[in-house]
Amino acid sequence: MRCTTTDLVIIGAGPAGLAAALEARRRGIERTFILERDERLGGILPQCIHLGFGLHYFGEELTGCEYAQRFIGDVEALDVARRLRCMVLEITPGRAIYAASKARGMERIEAGAIVLAMGCRERTRGALRIPGTRPAGIYTAGTAQRLVNIEGIIPGTRFVIIGSGDIGLIMARRLTLSGATVEAVVEMMPYPGGLMRNVVQCLHDFDIPLHLRHTVTRIDGPVRVEGVTIAPLDDAGKPIATQARRLACDTVLVSAGLIPENELSKTAGVQLDPRTGGAIVDDVMQTSVPGIFAAGDVVYPHDLVDAVSTEAEVAGRAAARFIRGEMVAEPQWWPMEAGDGARMVIPQRIRADGDGEVQLAVRPASPMQNAVLTLHGADNRIIAQRRRRAVWPAEVETLTVDKGALRPGERLRVTIAESPHEDRTSL
Amino acid sequence: MTDPAPPLSADVVVIGAGVVGCFIARELVQYDLTVVLLEKRSDVGAGTSGANSAVVHAGIDPRPGTLMAELNRAGADAFPAVCQQLGVDLAMIGGYIVAKDDSELPILDRLLERSRHNRVPNVRLITGQELRERQPAVRGAGAIHVPHTGVLDVHQLVFALAENAAQNGAVICRECPVEAVLVRNGHLRGVLTPAGEVAARVVINAAGVDSDEVAGMAGACDFTITPCKGEYYVLDKAVKPVSSVIHPVPTERTKGICVIPTVDGNTLIGPTAHDVSDKADLSTTEAGLAEAHSSAAALCPPIELTDVIAAYAGLRAVAGDDFIIGPTKVGGFINVAGIKSPGLTAAPAIAHRVVALVAEQIGPLRQRTDFDPVRPPRPRFSTLSGEKQAELIAQDDEHGEIVCRCETVTRAEVRAAIRGPVGARSLDGLKYRTRAGMGRCQGAFCLPRVVKILAGELDISPLELTKFGSGSELFIPPEADAWDP
């Protein structure tokens, strides 16, 4: 087995991996290695041929491919070391990486630091426990996206999409433009799972029905999908069988949420947050294992790639400092909790070393009007607050906190609540 | 790419390439006989054999004196050696039959009694306390411990049997239904397939849920198959509540809803048991999920619905309360029907019995000297140590290309599963041979890759690929000019 030692290994060449690698290189870590299992750089971006990327990061509206190409171009220009078609099988807590590739066989790489950037996987029909048959014609939206946009295969002619996550919305438009019919998008919550602009630009603009508060109770068709049964949900979230109806279709796409892909993180002994399914990270994106950092969807599914890049740069910077021995090994942390109204807050803890501002990523638990996001400290004191006219679970909010404002040893908590006061300051 | 057409004639035609039909074919090729195995579906083991508990039972349950009891016992004894020859993993993890409360304890006593009648060794009554010590996640007032309970991958078993039979000269034809059984003057002439007639001296009807229909074709049907559906739910590998097979006390009809560790590290909960009228009805249901979960959680409280990653259903071929194995009024036509549980366990013994029945029909059989019982084991890359994996990649660099991330399946494994006798020709065929697509992402990552490899190896367009045979094409693109703005 080939054995090498290097400074920084980045696992995954999607937007998180690319940004982390570039930042570390720019900070002087010459021996930065990207390991990517696909045959090209870019992660999920090459199959994202739609616009909506880069508005914040570049101030331009780009397609996913164009966004990826900016970073890929820099990686190539700086000649950052990279291995494609290389799958990492295991990471030890001592930061040894086992990776397999056709070109180099099995190899062991000892890394000074690691950035986990493996992204996420999609929730499946099986995990949703939708009863019925198991015919051909059931795909996750992301797999369908790869088939259509990269392999040039349109998998069906009449689609029903389960879940209104962004990938499903984007695919509703893509499939319609490709000559297929999208009969409906079926969403169990009373609000869409994806961004409002996608609901408008992908469903409303194409007259595709969106059935909120509905679920698919059955998929039928013995060998190929022939239809689905949908039913509205009552207040207890149970399907109302008497109002069920059948939609004929030949293909079902599942777009019901993303799950951070952390099998490798587990092999490294990285502690995961049961709320997110991703690693517990601090404000420099270090996990519970010193020298192992994480960024991007592997931490939590981001709604904008721009936020992924910024977050990954934080990780890359920190990894560089760690490699140079400039990072405090076991700092004190302020623990961060997601309180009422907040489904998730990242980071889950803030380091007491260093000062400056920390930007919290907060996912609202439910839609709210006139929302107030509050960071509470000890004895319920308010440390930071922000008002928003409206918040949605699909859109992650930010809240900035100055470390200088925090008291030693206090426990932090973010809440989101509806406030009667009208908002005058937010977008 | 299709299987070869059946020959014009054969000594024995076996109808149905499930575990029973494949055991029979593999047994028959040990003799100086030409053997043809016909399967209507696109792959071997695609019927009930592909959708069951995959448990090799010690033989407590069957009523003493029945064929089920005798063949279960004999089959259980034969299984370890057969699996060794075929390179199939058989994990003897043991089993417990659990009394959920004190009212069920007398049933355990009766089962203990029955185990003695059925000559099942080493069966022991244990207390609720002892059960908790051995299986901390299981709740019960007491249990019977059955050490000679094993689990295996039935697909792997069927593939290995079929490959070994083919390697020894059996002709296996998939997607080849029997359309008629040709009989003249009360004696078998042969069968009719879409590829033409196959003359035969003996026909073995091992057609599972369709065995009554096939027997009817010969005019030799005096039974009815009532399909009894069993739903199963597969739990994520991260969840391992038990280390042995956990059964509730059985009823007259079924062994009940069990918690079953699989040989690959998942856990199954199931099966339910409900008669259905449609032999093509393999749907899972909301009621079935609720029933499976509540029964499993009663035995094993830590089991959560959110642990479920997949579901499937299989149909038991029920023809009464015992196996139907024997000659019929049509000379040369032998029924092997109603093989419900303990059918899998009994299968090796059923095959031996069938050989004797064939000899009764056509005279003493001559044993071959060149039969090779060994089908070389195909170790799974994912189960090997890091060093062994490195060695494998050094031998064949296509082991370095991981195609299925969740189950760590290599391109070399995918390639091997397609090439070779009785190879994969569909997505499910590949899935069941390699486990690609059976992990927690359920194929979302590997599908586009597997599609390319399969289409390339079979030299067909991806649009011709199926999930499990014609009708289940994976991709149905819209017509080129379908979109009318």
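Start where the two chains meet: 50 residues of chain B are in contact with 44 residues of chain A. Keep in mind as you look around that this is a predicted model.

**Where the chains meet**

- Putting chain B and chain A together buries about 4,000 Å² between them, and carbon and sulfur atoms give 61% of that area.
- Five salt bridges turn up across the interface of chain B and chain A.

**Charged pairs**

- As background, side chains of opposite charge can pair when their charged atoms come close.
- Over all chains, a search of the whole structure comes up with 61 salt bridges.
- Within chain A, Arg158(A) forms a salt bridge with Glu183(A), and their closest N and O atoms are 2.8 Å apart.
- That pair ties together distant parts of the chain: Arg158(A) belongs to strand 11 (residues 158-162) of chain A, while Glu183(A) belongs to strand 12 (residues 181-186) of chain A, 25 residues apart.

**Helix 1 of chain B against helix 8**

- Helix 1 (residues 19-28) of chain B packs on helix 8 (residues 343-362) of chain B at an angle of about 45 degrees, and the axes are 8 Å apart.
- With that angle, helix 1 of chain B counts as oblique to helix 8 of chain B.
- The crossing of helix 1 of chain B past helix 8 of chain B is right-handed.
- On the helix 1 side of chain B, the residues that meet helix 8 are Val19(B), Val20(B), Phe23(B), Ile24(B), Glu27(B) and Leu28(B).
- Their partners in helix 8 of chain B include Leu344(B), Ala347(B), Pro348(B), Ile350(B) and His352(B).
- Sorted by class, the residues of the contact between helix 1 of chain B and helix 8 of chain B are 13 nonpolar, one polar and one charged.

**Helix 1 of chain B against helix 5**

- Helix 1 of chain B also has helix 5 of chain B as a neighbour: their axes come within 9 Å and cross at roughly 30 degrees.
- That angle makes helix 1 of chain B roughly parallel to helix 5 of chain B.
- This crossing of helix 1 of chain B and helix 5 of chain B is left-handed.
- Helix 1 of chain B brings Val19(B), Cys22(B), Phe23(B), Ala25(B) and Arg26(B) to the contact, and helix 5 of chain B brings Leu157(B), Val158(B), Leu161(B), Ala162(B), Asn164(B) and Ala165(B).
- Nine nonpolar residues, one polar and one charged make up the contact of helix 1 of chain B with helix 5 of chain B.

**Helix 5 of chain B against helix 11**

- Helix 5 (residues 154-167) of chain B packs against helix 11 (residues 427-434) of chain B too, at about 100 degrees and with axes 8 Å apart.
- Helix 5 of chain B is therefore roughly perpendicular to helix 11 of chain B.
- His155(B), Gln156(B) and Phe159(B) of helix 5 of chain B touch Gly429(B), Tyr432(B) and Arg433(B) of helix 11 of chain B.
- By class, the contact of helix 5 of chain B with helix 11 of chain B comes to two nonpolar, three polar and one charged residues.

**Backbone spots to check out**

- In chain A, a cis peptide bond joins Ile346(A) and Pro347(A), with omega about 0 degrees.
- Pro347(A) lies in the loop between strand 21 (342-346) and strand 22 (349-351) of chain A.
- In chain B, Ser341(B) and Pro342(B) are joined by a cis peptide bond, with omega about 10 degrees.
- Pro342(B) lies in the loop between strand 20 (333-337) and helix 8 of chain B.
- Asp79(A) isn't a glycine, yet its phi is positive, at about 50 degrees.
- You'll find Asp79(A) in the loop between helix 2 (64-78) and strand 5 (81-83) of chain A.

**Around Arg26(A)**

- Arg26(A) is part of helix 1 (residues 15-26) of chain A.
- Setting aside neighbours within four places in sequence, Arg26(A) is in contact with Asp74(A) and Leu78(A).
- From C-alpha to C-alpha, Arg26(A) and Leu78(A) are 9.1 Å apart in space, though 52 residues apart in sequence.

Conventions:
Residues are numbered from 1 along each chain as its sequence is written. Chains are lettered from A and ligands numbered from 1 in the order in which they are written. This is a predicted model: local features need pLDDT of at least 70, side-chain atom pairs count only at pLDDT 80 or more; totals for chains, interfaces and linings use all residues. Side-chain values use heavy atoms; hydrogens and water are left out. Axes are lines fitted to C-alpha atoms, for helices over the stretch in contact, and angles run from 0 to 180 degrees between N-to-C directions. Helices (H or I, at least four residues) and strands (E, at least two) are DSSP runs, numbered from the N terminus. Angles under 35 degrees count as roughly parallel, over 145 as roughly antiparallel, 65 to 115 as roughly perpendicular and the rest as oblique. A crossing is left-handed if the near helix is turned anticlockwise from the far one by less than a right angle, and right-handed if clockwise. Contact means heavy atoms within 4.5 Å. Ala, Val, Leu, Ile, Met, Phe, Trp, Tyr, Cys and Pro count as nonpolar, Asp, Glu, Lys and Arg as charged, and the others, Gly among them, as polar. Buried area is the accessible area (1.4 Å probe) that two parts lose on being put together, summed over both. A salt bridge is a side-chain nitrogen of Lys or Arg within 4 Å of a carboxyl oxygen of Asp or Glu.
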